[in-house]
2 protein chains.
Amino acid sequence: MTRRVSLLGSTGSIGEQTLDVVAEFPGRFRVVAMAAGRNVGKLAAQVKAHRPELVSIGSEAGARELSERLGADAPRIVVGDEGLIAVAEHPADLVIAGLVGAVGLQPTLAAVRAGRDIGLANKEVLVMAGAFFQRAVKDAGVALLPVDSEHSAIFQALAGQRHEDVDRLLLTASGGPFRTWPAERIAEASIEQALAHPNWDMGPKISIDSATLMNKALEVIEARWLFDVPPERVTVVVHPQSIIHSLVEFVDGSVIAQLGMPDMKMPIALALSYPERLPVTTPRLDLAAIGQLDFEAPDTKRFPCLDLAWRALAGPETAPAVLNAANEIAVAAFLDGHISFPRIASLNSRVLSEHLDRAPKDQASTLDDVIAADSDARLAAAKLIEASA
Amino acid sequence: MTRRVSLLGSTGSIGEQTLDVVAEFPGRFRVVAMAAGRNVGKLAAQVKAHRPELVSIGSEAGARELSERLGADAPRIVVGDEGLIAVAEHPADLVIAGLVGAVGLQPTLAAVRAGRDIGLANKEVLVMAGAFFQRAVKDAGVALLPVDSEHSAIFQALAGQRHEDVDRLLLTASGGPFRTWPAERIAEASIEQALAHPNWDMGPKISIDSATLMNKALEVIEARWLFDVPPERVTVVVHPQSIIHSLVEFVDGSVIAQLGMPDMKMPIALALSYPERLPVTTPRLDLAAIGQLDFEAPDTKRFPCLDLAWRALAGPETAPAVLNAANEIAVAAFLDGHISFPRIASLNSRVLSEHLDRAPKDQASTLDDVIAADSDARLAAAKLIEASA
């Protein structure tokens, strides 16, 4: 049986690797719809190789260029936010949600409501609207398969286990490029230094988040919703080699972990073929050759972003969306050279604190509340950046 | 619901720890029958604490002493090989097979045939008669739950996975007390040095087997039968800290491992309460406090016993029983001061080679064949020891 797959974010890191896995198993999968933002050249090549029924691109200008490049072979082309929704709702068995950031929330929700199983790489969907999104998943009766390596690890570690026997989730963190740097040196970190992740080949936003440990904070929030565990039962351990991708501790003290070479094709392939495993071409783990795995407690003084996860989760349902939105603005400002590296954490903390001070604590939030909180946080972060420029 | 448990080998290391777990969960389990060999004092104390319906002891003299010690409170007392069978067949939900060595084969088989689920610590049962025993388990429709820490780890790593997706089993080995010793120093090893296992508190036979890596060879054979994988898909990696208890590699390169502090109460508790997990009192794993996990390939030059596993598995069905029997005689001779430490490996190798040269290769074996091969191997090993005395 050929599984029909739609791909949100085809030209990004997850999208490209998804297409690599699909290409490795012809007849097994068919990419029926794909959506990208700006990279028309790459998207055109992907369309030629995979011949989807529908393709979405960020702008009308992009759509025109794509149409010219593809000529008579062009499939139906759709544009912008509506294009993303059209790809999400296109008839398929599985949608790989591989967009980065808040932009992925609405299309992923549309895919769920259309009854598609989801391979979720776009962690902001759960970070922003965890409770709401999981309700939608439950109502639609679809499968939600994590594609993040850490969450795929936990998903695999939980297989065949009883939820009530889970004591703690342990997310591993590489510690990023500044793990061993003193605070004074981190304060001076350049964009290039922050982008140089030691283990994973990722997009720029996630690479910066990995350097601040904000990525791990977002993953803590994601794990809390994905696996339905209270925030205090989600913990983080630094593991520089990124070989143990995450662990679950059970009430008897037994710990199940998933390991492997750092390669996103593994969790992507599992999401594509679950509950089967595919003999995908990945580098094999050789523990004797690796020789040593290291672990340390995270240093939340040098990496203050990490603790923001639990601060946000202790607040109203809108707080994680606020943290995520502030961070998107802060990272963009850092990548544009407008703010220093440590400023990312202080901006995130300040925007979150202002929201926690203001927002009613125990009020359940609608999707509109989340989206409004997201917008307000972006504005607040941008104003703080502007004020200090 | 109280689970009725019978215990073969109550005064040994596994037996004592099983009783510790049972004592921690009153009402949950009831020890209804127990069997021990020679330690009358300890057995009497266990009977007083747990009040089983039936108790077995190795000799008539032991039975008289036990009866005197227990007085009017004594349950029914049975003796010797027949006593072991009576305990194995006593009405119960689960039998913990905690005897050490070949003596456990017949009573464990009797428990299976009587329809009892088995918690198997007595690895020689599968080493000696793997194919035969697994057929009996299948015919009786009972559950076979591993209690060895490595096999419990693999059992846990396989939970919720498809058998056809398994690529390799990776058993971890501590490397024993002589892991870093040069061959010349190992040649001079004393009994005390060989007994000093770095991580586990075990009986003397298993401690010596751990020093020679024969324990790991037996576990390779056990794993081959327990999890129904061909011998070449069972591999060994040395991991001195004994924190990762074993791993399973799947066809997609993903590896699932079970970790924990070295404590047999964890696999014992899991066998007792499976499929539930008990909040048993065990030391908790703190990876950041441990800091480092090491791995290396096993050195089969300094530890030639390890390769004997695959040599035996490539031979007739009787070959693993021969290897195990030779080793029991060799270890006893070493513990009695009759032979040197390296002589254990050379005796095992020689007795196995003679059997492989002689025995028809592809003949399926009956239990009688296995028992005859076991006896012949004991005799051959004893003669070789005598000849060199």
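**Overall fold, chain pairing and two selected residues**

Of the 389 residues in chain A, 59% are buried. The model described here is a predicted one. Its chain A contains 17 helices together with 12 strands. Along the principal axes, the C-alpha atoms of chain A occupy a box of roughly 55 × 50 × 40 Å. Among the contacts in chain A with a separation of 6 or more, 69% join residues 24 or more positions apart.

The surface of chain A was also examined. The accessible surface of the chain amounts to about 14800 Å², and carbon and sulfur atoms contribute 51% of this area.

The relation between the chains was considered next. In general, two copies of a chain are related by a rotation about an axis and a shift along it. Here, chain B is superposed on chain A by a rotation of 180 degrees with 0.0 Å of shift along the axis, at an RMSD of 0.0 Å. This is the relation of a two-fold axis. Within chain B, the residue that comes closest to the rotation axis is B:Gly160, whose C-alpha atom is at 2.0 Å. Because 100% of the interface residues of chain B are also interface residues in chain A, the copies meet through the same surface.

Two residues illustrate the local surroundings. A:Val255 belongs to strand E11 of chain A, which spans residues 255-259. With a relative accessibility of 2%, which is under the 20% limit, A:Val255 counts as buried. When residues up to four places away in sequence are set aside, A:Val255 touches A:Leu247, A:Val248 and A:Glu249, as well as B:Ala257, B:Gln258, B:Leu259 and B:Leu285. The C-alpha atom of A:Val255 is separated by 51 Å from that of A:Ala74, a residue 181 residues apart from it along the chain.

In chain B, B:Asp209 lies in helix H10, formed by residues 204-212. The relative accessible area of B:Asp209 is 1%, so this residue is buried. Apart from neighbours within four places in sequence, B:Asp209 is in contact with B:Met214, B:Asn215, B:Leu218, B:Asn327 and B:Val331.

How values were computed
Residues numbered from 1 in each chain as written. Chains lettered and ligands numbered in written order. Predicted model: local features only at pLDDT ≥ 70, side-chain atom pairs only at ≥ 80, totals over all residues. Heavy atoms only, no water. Helix = DSSP H or I, 4+ residues; strand = E, 2+ residues; numbered from the N terminus. Buried < 20%, exposed > 50% of the residue type's maximum accessible area, 1.4 Å probe, protein only. Contact = heavy atoms within 4.5 Å. Areas by Shrake-Rupley, 256 points an atom, 1.4 Å probe, with all protein chains shown as cover. Least-squares fit on C-alpha atoms with pLDDT ≥ 70 in both.
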